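Thanks for making time this morning.

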Amino acid sequence: MTKVFAPAFILVCVALSFEVRAEDLPADAGAEDLPADAKIEHLPGGQCLECHRTAGDGVAELWHDDVHARAGIGCETCHGGDPEQADSDLAKRRGTGYHGELSPSQILLSCGGCHADVDYMKVRQPLLPVDQLDKYRTSEHGKLLAKGETRVAQCASCHGAHGVREVNDGKSPVYASNVPATCGHCHGDADYMSDFGIETNQYDEYVQSVHGKALLEKNDVRGAPACNDCHGNHGAAPPSIDAIANICGACHSYNAELFLGSPLAPAFKEKSLADCVACHGKHYITHTRDEWEGDKPGATCRKCHEEGKEGSDLALYFTETFGSVRQSFEEIEQLLTEAEMKGMDVTEGEDYVEAARQGLMQARTLIHSFSKPVMEEKVIEIAENQAAALEEGYAALRALEDRRRGLAISTLLLLLLTIMVAIKIRTLPPLD
Amino acid sequence: MSTSPENPDRALLAWAKDRYPIAKFAEWAKHKTVPIGPGAFWYYFGGITLFLFFMQVGTGILLMFYYKGSADTAFESVRFISAKVPFGWLIRSVHAWSANLMILSAFIHMFSVFFMRAYRKPRELTWVSGIALLGILMGFGFSGYLLPWNELAFFATKVGTDIIGVIPYIGDPIMYVLRGGEEVTGSTLPRFFALHVALFPALLTMFIAGHLFFIQMQGIHEPEAWKAHPEQRKTMPFFPHFFMRELLLWLITLNIVAVLAVFFPAELGIEADPFSSAPAGIKPEWYFLATFEFLKYMPAHVGPLEGEELGLLIISAGFALWCLVPWIDRGRNPMMTKIVMAAGVAIIVFLSIMTYLGHSA
């Protein structure tokens, strides 16, 4: 009997205590409306928060939004000490395990202490991965830290220390659209990076790239890659040459498949060229243009295939083919517009144009096969659709001529009829 | 039996005469006359409206052979009619142009009747039935506009039915029934199709029959001056004199429609998408533009009324007065006649300005 009543009694007490607290608040008060003191009141942290609140170092405020605070994890979990003691000396006294501000290496161990503990995490956050620490150790950051370089990024550099938010929280520094700025905070700082011998223009280039514009301007957080999508997050490192086609291919799978099956893949490997990057660039990746092909100075192909040398014939074929296809589109557009302006229905012609445009888009992808026969097959399909569109345009103009001829004949007939009726009227008996 | 195998035409006539009062009808037709006065030309517009209506019926039936009245199929079926069906483009364009010209012709007919004061006793019901006919024709236009299920028609219908919804008390239920729900959706199209090909033709046939019956019973209105000066009275026989002249105008009208259909064929635009946002510059057909524009000038609120409610109230009151003109101006008070005529001119000026502003907006 006692076994039943005891939990029930506790539940009632908890409910009543909540009710009493709720009564003290305005009826419409949400968490955001709470005064700072009241917010901190119910967070784990005990006396540590009391002192830090009065110290005005912002830790207590940050702590309010921290996922760990909401999970009931107190300050002592990372920092040690005795949170029950109001006196700071007693709270930090020897024997309490207090170690104050954590060094970068300590941060790793502190975060990894839980996040790399499979048994611990599978109970509390079973969907979170537990390999962050292992990956970190393989990263450039981790390797340098292991060598004693403390200026490299560790967990708190990206996630924050006391205001850690979930990754899918838009305010988190590691939310997809915030990642470029988070990485750029160090990697865009020339002074900070001066000892590391790497470029600092990645962020500036990225924001101008197709990926940067898609992520930062169109807010395509699901589709557009941020830094971590290519470099890795916890295992962040410059991709090796062998990895590039696979990294880009994670999204651009067909392009990667075509390239890896093309004669250029082994040639690139032999010359240690970085697959996709060799033509498209790294951080400043822009929309491709047909002018990239060809063997003239300035063309991408020209980087390796000089005019008249091996491979330039294929480059020339690509550039001439696309030029011709583009010119045909202009001619078709002009024709269909003329017919449409004259009131003719050219929807079928437009359907053929659309099919040809789709074909052109596929042909641009097929460039990655670097195969003339493969491209020829697609070009024939485009040409057929363009020819059909042209025929529709000419047929519309012929039909227009037919209509006008028909109108002229019918007008003539109606005029004759009108004249006959007019003559008949004149022959009617005169009116009184 | 007075049939004769040697002369089948006469035999057929004799057969009919044997059974029906054809001689009486021929006698009546021989004596039916039309007045010849200064405004005689305007008498032809009633007949032109009727002719355009027959064109509507003919082309409408042909369109129905291929038109599929559901949201999934309507646009494609109209596209098929325009692009694939032999002379489909012509039938559709003639249907669209003759509809517009029919409403224009009906307007001209109504105002010519008004300014000739042909609404006066005993033709009050001819006047009212004529206004009802114009209303039905506009209903035809409104319902037919949606049928191609293109973007412009979709949003114009939304705007048009929104205006109906403004009417106090009865507006919302009417709008709901017309739309088949809260919004213009695929459910609206079959309703408009049913109105266009079933209800409105039935109503129009009844009202045309009534209108023509009144005209035949009471004869065509004669100029007022003839009452005082009967010696000025001048008429022409309906058959064949008036009829041949009417035929002449029908042929000219037919040619105008053909020219318009060839040089300005009916457009189709892009298919309606109920989930897309309305494109800029949505306007109703020209005969609703004046109302549409007038409502735009209404302030947001006037006393207890919404601006649009007040606008509709003014339009409704004006329409009621227009219907009551035969009882307002009975021809007994010259001042009243002058006021009514001045009001008629003001209405034409108002409609023209509002239509122009709506068109150029």
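**The interface of chain A and chain B**

Let me begin with one salt bridge, in which the side chains of Arg79(B) and Asp351(A) meet at 2.8 Å, N to O; the term stands for a side-chain nitrogen of Lys or Arg within 4 Å of a carboxyl oxygen of Asp or Glu. Across the interface of chain A and chain B, the rule finds 2 salt bridges. On the chain A side, helices H23 (347–366) and H24 each supply at least two of the residues that touch chain B, and H24(A) gives the most, with 11 residues; helices here are DSSP runs of H or I, at least four residues, numbered from the N terminus.

A word on provenance: this is a predicted model, in which local features need pLDDT of at least 70 and side-chain atom pairs count only at pLDDT 80 or more, while totals for chains, interfaces and linings use all residues. Residues are numbered from 1 along each chain as written, chains are lettered from A and ligands numbered from 1 in the order written, and side-chain values use heavy atoms, without hydrogens or water.

As for extent, 20 residues of chain A are in contact (heavy atoms within 4.5 Å) with 24 residues of chain B.

At the start of H24(A), a side-chain oxygen of Ser371(A) reaches to within 3.3 Å of the backbone nitrogen of Val374(A).

Definitions and conventions:
Polar contact = N/O pair within 3.5 Å; in protein donor to acceptor, adjacent residues only side chain to side chain.
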